[in-house]
Structures are given as structure tokens and as C-alpha cells.
Amino acid sequence: MMLNTSSDIDEVVASFMLAIQDSTKAEAQGSEMTTIYFDESGNTGRQLADLDQPLFILGSCDFNAEECEQLLRPLRSQQAAEIHFKKLRKSGRGQDRIIELFQSDLVTPERFKAQVFHKRFMLLTKVIDDLLEPLLYYQFDFNLYENGQNIALSNMLFACLPLAVGDGCFDQFLSAYYDMCCEKSEEAITAFYEHLEVMKETAARSTLPMEWELGVLSMTSMIVRDAFEDLPKHTFNPAIPAFFSLCVQWGGSMPGSTRYAMTRSHWNGRPIFSPQSPSSKNKVKSSKLSVSGTPRLSCP
């Protein structure tokens with residue numbers, strides 16, 4: 001994993017500071033429960049098409065207060081009360097301190113885990129998950145999730161569509177889908193499918209016509225309004241599948257009780273999940289895997 005922006009380093013430091021505070025309380029209370037601490041970087045909310053911040057990362061660690069102090073000690077200075085990458089990177093000494101942090105024997109895959117999302121790729125997979133998969137499943141009795149066909153198709157489209165229609169046209173396609181799902185208006189639906197027609201015409205003039213792929217995407221117009229009814233409220237939030245995936249990873253390596261702590265800023269003070277009754281459609285699809293590999297969950 002590469003951390004190369006000020007927010008990346010700052011969020012790692014923030015997770016360590018949270019661990020120090022919470023672990024100190026737990027030790028004072030005699031608790032033996034393992035606590036996993038989470039922090040994120042690159043969360044632009046639901047706007048996955050943000051080209052200025054293409055990556056989202058959710059990091060996690062299980063360091064106790066003493067270990068966090070050991071990790072943060074090289075970064076501290078008398079001149080600054082808080083630790084920020086944007087200040088450390090300006091000097092050779094600050095850069096050496098960052099390197100010293102990541103060279104620590106404590107920073108290992110067993111103690112620190114992260115999920116990294118390419119936001120534009122995730123947005124494309126949402127097109128596959130939320131539009132194309134229901135069309136193929138309910139109209140043609142075809143299981144796109146079988147044998148990882150959804151993943152293969154997503155990878156192929158992400159690599160080939162920009163070559164067929166150009167980067168700008170492809171980015172407009174992703175933005176139009178995002179706008180359509182957010183607005184759910186007839187104008188936005190029309191704009192999305194009109195842009196698909198432009199893509200078909202553009203691709204037809206290239207060496208990658210992609211007639212079947214673009215044609216079947218256009219066919220989703222027959223189910224798009226039904227798809228909106230089952231679209232989760234937080235469908236564009238990468239923090240949720242990232243959090244689930246990390247919980248699975250930590251749960252497989254933690255023999256005892258585990259609790260998870262996150263800074264409130266991640267979720268704007270709101271709970272990650274709110275109970276809701278799934279539609280019959282979601283119940284049918286609850287046993288399948290989404291493109292990102294996280295299970296589709298339904299309430300009992």
C-alpha cells in the first residue's frame with residue numbers, strides 16, 4: 001500500500017491517536033477486548049466521479065496505547081503540537097521521520113490492514129451491479145455473478161470503453177449514471193441513455209465497436225425505474241464495503257471478542273447502517289456476491 005498524500009498520512013496518525021485515547025480507557029477498566037481502530041482518506045462522499053481524488057482508503061490497526069506512542073514518537077516535535085504530513089514533508093528531517101514510522105517492526109499486515117478503492121472503477125461496477133445484473137437475471141435468467149463473470153466484464157469495460165469512446169466520453173458516462181441515480185428524474189434518465197447512444201456511435205467509428213456491450217447497456221432502460229426502487233441509500237459510499245471487508249479480515253484473525261472504533265467524522269455523526277426491510281428482489285439476490293466481493297446482506 002502506498003500513502004502519498006497529506007490526508008493519507010494524517011489519517012494513519014489520527015487512527016493511532018484514537019487508539020491511544022481509547023486503549024488507555026480500556027486498560028483503566030481492565031478490559032481484555034481487542035479493539036480495531038479505523039480511519040479513512042479520500043472520502044468525497046457519494047461523488048465517486050471526483051477526478052481530483054481518484055482513490056478512497058480505509059485503514060485499520062489493532063495497536064495498543066503503548067505501541068501507538070512508540071510509532072508516533074519519531075513524528076513528534078517541540079515546534080508542533082499536532083502531527084501533519086503536509087508539515088513533515090517540507091523538510092528532509094520530516095521525511096526521514098515518516099520513513100522511520102513505516103519501517104517499524106510493528107507495521108505489518110498482521111497489525112495494519114487497509115482497503116483501497118479506485119472510485120471511478122467502483123462507479124462502473126455499480127452500473128453492472130445495479131442495472132445490468134438485474135436485467136440479465138430477471139429478463140434472461142442469466143446469472144452474471146456465476147464464475148466471476150461480473151468481475152471479468154467490469155475489468156474489460158474499464159479497460160476498453162475509454163479506448164473505444166475516449167476518456168472524456170467515458171467520464172461523462174460515469175457522471176451521467178451518478179447523476180441519474182441521485183436525481184432519479186426523467187430528465188436525468190433521458191440524459192444517461194442519450195449519452196449511451198452517443199457512445200455507441202463513437203465506438204462504431206473506432207477499432208473497438210463494442211456493439212454487444214453497449215447494446216445491452218442500452219437495454220437496461222426497460223428496468224431502470226424498477227432498479228431505482230431497490231437502490232440502497234448509501235450505494236455510492238465506498239466506506240461501507242471497505243468496512244465490511246476489513247471486519248471479515250480482522251474477524252478471521254482475532255480469536256476473542258473484538259470491537260471496532262472509528263472517528264465520528266467518517267460518517268458525519270450518523271450510523272453506518274440503518275435497519276430496513278429488504279424488497280423481495282434483494283432477498284432473491286442476497287446469496288450472491290457483488291462486484292467488490294462483499295456479500296449482499298438482507299435483514300431476516
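This briefing describes the nonpolar cores, the salt bridges and a surface patch of the structure shown above. The model is predicted, so local features need pLDDT of at least 70 and side-chain atom pairs count only at pLDDT 80 or more, while totals for chains, interfaces and linings use all residues. Residues are numbered from 1 along each chain as its sequence is written, and side-chain values use heavy atoms, with hydrogens and water left out.

**Nonpolar cores**

- The largest nonpolar core has 40 residues, and those with the most contacts inside it are Leu131, Phe173, Tyr177, Met180 and Phe192; such a core is a set of buried Ala, Val, Leu, Ile, Met, Phe, Trp, Tyr and Cys residues joined through side-chain atoms within 4.5 Å.
- Buried means under 20% relative accessible area, exposed means over 50%, and partly exposed lies in between (1.4 Å probe, protein chains only).
- Helix H7 (167-183) is among the helices that each supply at least two residues of this core, and H7 gives the most, with nine residues; helices (H or I, at least four residues) and strands (E, at least two) are DSSP runs, numbered from the N terminus.
- Tyr177 touches Leu123, Lys126, Val127, Asp130, Leu131, Phe192 and Phe236, leaving aside residues up to four places away in sequence, where contact means heavy atoms within 4.5 Å.
- A second, separate core of 15 residues includes Tyr37, Cys61, Leu75 and Ala261.

**Salt bridges**

- The whole structure holds seven salt bridges, each being a side-chain nitrogen of Lys or Arg within 4 Å of a carboxyl oxygen of Asp or Glu.
- Asp62 forms a salt bridge with Arg111, with the closest N and O atoms 2.6 Å apart, and this pair links distant parts of the chain, 49 residues apart.
- Glu67 also meets Arg111 in a salt bridge (2.7 Å, N to O), and here Glu67 lies in helix H2, whereas Arg111 lies in the loop between H4 and S3.
- Asp62 is buried at 17% relative accessible area, Arg111 is buried at 19%, and Glu67 is buried at 16%.
- Glu197 and Lys200 form a salt bridge (3.3 Å, N to O), and because they are three residues apart in helix H8, they are separated by about one helical turn.
- Glu197 is partly exposed at 36%, and Lys200 is partly exposed at 28%.

**Surface patch**

- Phe140, Phe142, Met219 and Met222 make a nonpolar surface patch of about 380 Å²; patches are made of residues with over 30% relative accessible area and no salt bridge, like charges being joined within 9 Å and nonpolar side chains (Val, Leu, Ile, Met, Phe, Trp, Tyr) within 5 Å.
- Accessible areas come from the Shrake-Rupley method with a 1.4 Å probe, and for residues only the protein chains shown count as cover.
- Phe140 belongs to helix H5 (residues 119-140) and is partly exposed, with a relative accessible area of 46%.
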